[in-house]
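Hello,

Here is the structure I promised to pass on to you. Have a look at it first, and then read my notes below.

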Amino acid sequence: MDKKLKVEFLGMNLESPLVLTSGIMGLSYSSLLRMAKNTAGIITTKSLTLVPRKGHKGPVIAEFNGGILNSMGLCNPGIEDGLKEVSEFKRYSSKPVIVSIFGNSIEEFEKLTEYVNHSEGDFIELNLSCPNVFDEFGLPISASKDKVYQIVKSVKSISKLPVIAKLSPNVYNIKEIAISCENAGADAICLINTVGTGMLIDIKMVKPILHNKFGGISGPCVKPIAIKLVYEAHQCVDIPIIGVGGVLTGEDAVEMLITGANLVGIGSGIYYRGVEIFEKINDEILQVLTENKYEDVSSLPYLK
Amino acid sequence: MDRRITLEIKNIRKESKSVKTFTFSYNLNAKPGQFIMLTDFECGEKPFSISDCTDNEFSITVKKIGEFTTRLFQLKKGDVLSFRGPYGSSFSLSDKVLLIGGGYAVPPLLFLSKMLKKYNADITIINGAKTKEDILFIENFKRITDKVFFTTDDGSLGNKGTVMSIVSPLLQNEKFDMIYASGPEPMLKKIVDMCDTIPCEVLIERYMKCAIGICGQCVIDSLGIIICKEGPVLDKEVVKRLSEFGVYKRNASGKRVYF
Ligand SMILES: Cc1cc2nc3c(=O)[nH]c(=O)nc-3n(C[C@H](O)[C@H](O)[C@H](O)COP(=O)(O)OP(=O)(O)OC[C@H]3O[C@@H](n4cnc5c(N)ncnc54)[C@H](O)[C@@H]3O)c2cc1C
Ligand SMILES: Cc1cc2nc3c(=O)[nH]c(=O)nc-3n(C[C@H](O)[C@H](O)[C@H](O)COP(=O)(O)O)c2cc1C
């Protein structure tokens, strides 16, 4: 790997600023290994829950011009089996692993954290985009600065690993949420999760395409939203940011970095450019660096 | 971007008590081994191999096994279904070939055998199942070649025993350019283990959700091969290196289920 791509993240030296984001190719150790070999700097597991989840009925995916609509339904083998995949991964690779967890309550997040404490994961990521849990004002937890604060705070008080809070873009004021995370002790934030929800209709059968009707939106069309939210978050917190959303090329990645991200997550990009996307983007970042006469990734400027 | 297609069922043929072939008028332009994702927008979306495909129609052959397939069995000619695909890798064509099919995984081999016949290949087929009722496409295969062997566990049709009871002696007497296999995974494993020097392609089924290579559901250990994209047809040299092959698969949650 080219030295110019090296970055530091929470005290760890990474080969590349690229992160495999949660929920894409992240169910099994061999899948994670392949993404690591394809030169992602860090890889993230699928969000793990206390008990296994089969997910929603299909269709769970619909493509449209500009993006992807998904309602996977957080299918995962459960925290115990998920962490076994992480240890199997670690038998073959020393790349850092972010374990993503998803709970329906503070207590669930705490229990999940205990499991991750005893695992070989390197970071813990809290998927706060829970569609079913609301605060006393009817806001989803991801949009409630108080709920987000409480969850991050309680996880942080027991976690042995650095804690990353993954934020939803579907909020009124991202700054408030980002500040809550920082105040609660989050070591980093990751944004954005999928946008919406949205809906698509099959005009011949006159039915919603997704069995779940609604799904989260990802892919190229969400990039401007991700860029804006990373920009706003960067303005108001000092903790590192993993910028995610619609990144397909080296230029997109550099755009995300300049906006304020320390690392760049890749998800739907795998659909558009295959699992080799990490290698491709790394090469393209190097080209962008050369063309614009930047020494290396760490010396890219930040948008003020 | 993959487009959805909505098609009327043009014809339904009963193959056995629990197997039906559904035919649709559409130029799908598929290759043998590829599959489509099928939905009725009610009971889920499931992968099915293409069991026949010409310039103006294609078929799938379905075994009734659970909720979705039971629903399919209630449909009639003229009812509509929604498709996406074709997806995945396909079988290559060779000159002197042996097709080995087991149970309900035989449909893709019917399509393959038709393509091989067009290609003027020298074709031998071995088709095995538990009992006579479960053997698919007896007449179809007989029309493809004289060299068709059937095996049943109970001896109700053809040789009593598994397909291996024919495969082993056959391989000692004859040389093939290629072996194609589709069937229960333990059977596929035996075949792959046996094919030291003979080229071989096998069709591997895994639980599929997105079918576009992102959700990770169908990825197989230890190489991380994405079955919906890089499979379902894999070369035996790749298959031999898969620690998961013949040992376990993953269910809808991603939990391992051992064979
Ligand atoms: C590449 C491929 C080709 C296939 N070709 C055929 C075919 O030609 N004919 C045929 O009858 N069947 C085929 N299948 C299997 C078919 O997809 C299942 O029989 C069907 O999904 C069962 O759905 P159900 O709701 O009726 O049963 P369920 O009760 O849901 O499941 C019964 C069994 O079917 C399998 N299955 C269920 N859902 C899926 C899924 N989403 N992906 C993969 N397997 C699943 C599992 O092994 C499960 O235990 C194929 C599967 C794959 C992966
Ligand atoms: C199929 C699919 C599954 C996802 N699953 C998860 C998940 O389990 N946990 C999570 O935090 N985010 C999940 N996401 C969101 C992604 O991690 C990412 O935040 C979002 O898709 C935006 O990035 P992208 O445009 O690069 O895909 C999923 C996205 C997709 C498309």
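Let me start with a pair of helices in chain A: H1(A) passes H2(A) in a right-handed crossing, meaning that the near helix is turned clockwise from the far one, by less than a right angle. Contact here means heavy atoms within 4.5 Å, and it is made by Tyr29(A), Leu32(A), Leu33(A) and Ala36(A) on H1(A) and by Glu85(A), Glu88(A), Phe89(A) and Tyr92(A) on H2(A). Those residues divide into 6 nonpolar, no polar and 2 charged (nonpolar covers Ala, Val, Leu, Ile, Met, Phe, Trp, Tyr, Cys and Pro; charged covers Asp, Glu, Lys and Arg; the others, Gly among them, are polar).

To find these helices, look at residues 29-37 for H1 and residues 79-92 for H2 of chain A; their axes come within 8 Å and cross at roughly 45 degrees. The two are therefore oblique to each other (under 35 degrees is roughly parallel, over 145 roughly antiparallel, 65 to 115 roughly perpendicular, and the rest oblique). The axes are lines fitted to C-alpha atoms, over the stretch in contact for helices, with angles from 0 to 180 degrees between N-to-C directions. Helices (H or I, at least four residues) and strands (E, at least two) are DSSP runs numbered from the N terminus.

Please keep in mind that this is a predicted model: local features need pLDDT of at least 70 and side-chain atom pairs pLDDT 80 or more, while totals for chains, interfaces and linings use all residues. Residues are numbered from 1 along each chain as its sequence is written, chains are lettered from A and ligands numbered from 1 in the order written, and side-chain values use heavy atoms, leaving out hydrogens and water.

Now to the two chains together. In the interface, 42 residues of chain B touch 39 residues of chain A. About 3300 Å² is buried between them, 57% of it on carbon and sulfur atoms (the accessible area, with a 1.4 Å probe, lost on being put together, summed over both parts).

There are 7 salt bridges between the chains (a side-chain nitrogen of Lys or Arg within 4 Å of a carboxyl oxygen of Asp or Glu). One of them joins Lys207(A) to Glu42(B), with the closest N and O atoms 2.5 Å apart.

Over all chains, the search finds 30 salt bridges. Among them is Arg273(A) with Glu284(A), also with a closest N and O separation of 2.5 Å. Arg273(A) lies in helix H8 and Glu284(A) in helix H9 of chain A, so this pair ties together parts 11 residues apart in sequence.

Happy exploring!

Technical notes: Buried area is the accessible area (1.4 Å probe) that two parts lose on being put together, summed over both.
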